[in-house]
Amino acid sequence: MSSSCDPANAPVGDVGAALMMVDSRLKAVHSGKSATDPEQQALMDQYLASLGPDGLDDLLDGACTLIYMFMTWLRKAHEGEDKDVIEYVVPTLVATMRMMPRSCPPEVIPMMAGLVIAAGTELSPNLWRQQYGDWTKEEMNPLEATAFLLAEHINRIADNPDFATRMIVDALTNAGGEGED
């Protein structure tokens, strides 16, 4: 039985741009910078402004694709240990987001948890989210934080600060080479 939230029906979006944003945040945190570099933020704001409405939709879809890919990896890793990914990932994610009230207002945390649960149960997070209407401005930072926190969780499991980014880059590279002789 097919679901309306089947990942096969979901737009992939601009995974590269979403990954660039997450990787940039990961590198900033690992370099000890807790505050956003104003120059880097200005460049990011300029880039986002240049996207236009369709580009922003592609970036949102790309972030949801990252969440799906990260949760797929986490699900497989947890299944290998006979553990439930939802039980082990979602409470930690929610607890961490609750400690970030400026970036993740409490009222949007349930939506972010829903995105992760959808992805963890092999549903498309963007198609799952679509049933609740348009994205809100208040959900933008929490969406980025969700992808960031999942990537950081994967990096900690792999004991490698670049593992999550490299995993996605490898997947994109391999997907781009399919069908070529």
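**View A. Burial of α4 in the predicted model.** Of the 12 residues of α4, 10 are buried, so this helix is largely enclosed by the rest of the structure. The buried set comprises Ile-109, Met-111, Met-112, Ala-113, Gly-114, Leu-115, Val-116, Ala-118, Ala-119 and Gly-120. Their cover includes α2 (38-80), α3, α5 (125-130) and α6 (140-158).

**View B. Span of α4 and the residue after its end.** α4 reaches 16 Å from its first C-alpha to its last. That is close to the 16 Å expected for its 12 residues at 1.5 Å a residue. Just after α4, Glu-122 takes a positive phi of about 65 degrees.

**View C. The two faces of α3.** α3 has 14 residues and reaches 20 Å between its first and last C-alpha, close to the 20 Å expected. Val-85, Ile-86, Val-89, Val-90, Leu-93 and Met-97 are buried in α3. These residues cover an arc of only 95 degrees around the axis, which puts them on the same side of α3. The face turned away from this buried side carries the exposed residues Glu-87 and Arg-98. Cover for the buried residues of α3 includes α2, α4 and α6.

**View D. Met-100 in the loop between α3 and α4.** The loop holding Met-100 runs between α3 (85-98) and α4 (109-120). Met-100 is partly exposed, at a relative accessible area of 24%. Neighbours within four places in sequence aside, Met-100 is in contact with Ala-145 and Leu-149. Ala-17 is 83 residues from Met-100 in sequence and 24 Å from it in space, C-alpha to C-alpha.

Terms used:
Residues numbered from 1 in each chain as written. Predicted model: local features only at pLDDT ≥ 70, side-chain atom pairs only at ≥ 80, totals over all residues. Heavy atoms only, no water. Helix = DSSP H or I, 4+ residues; strand = E, 2+ residues; numbered from the N terminus. Buried < 20%, exposed > 50% of the residue type's maximum accessible area, 1.4 Å probe, protein only. Contact = heavy atoms within 4.5 Å. Expected span 1.5 Å × (residues − 1). Arc of directions from axis to C-beta.
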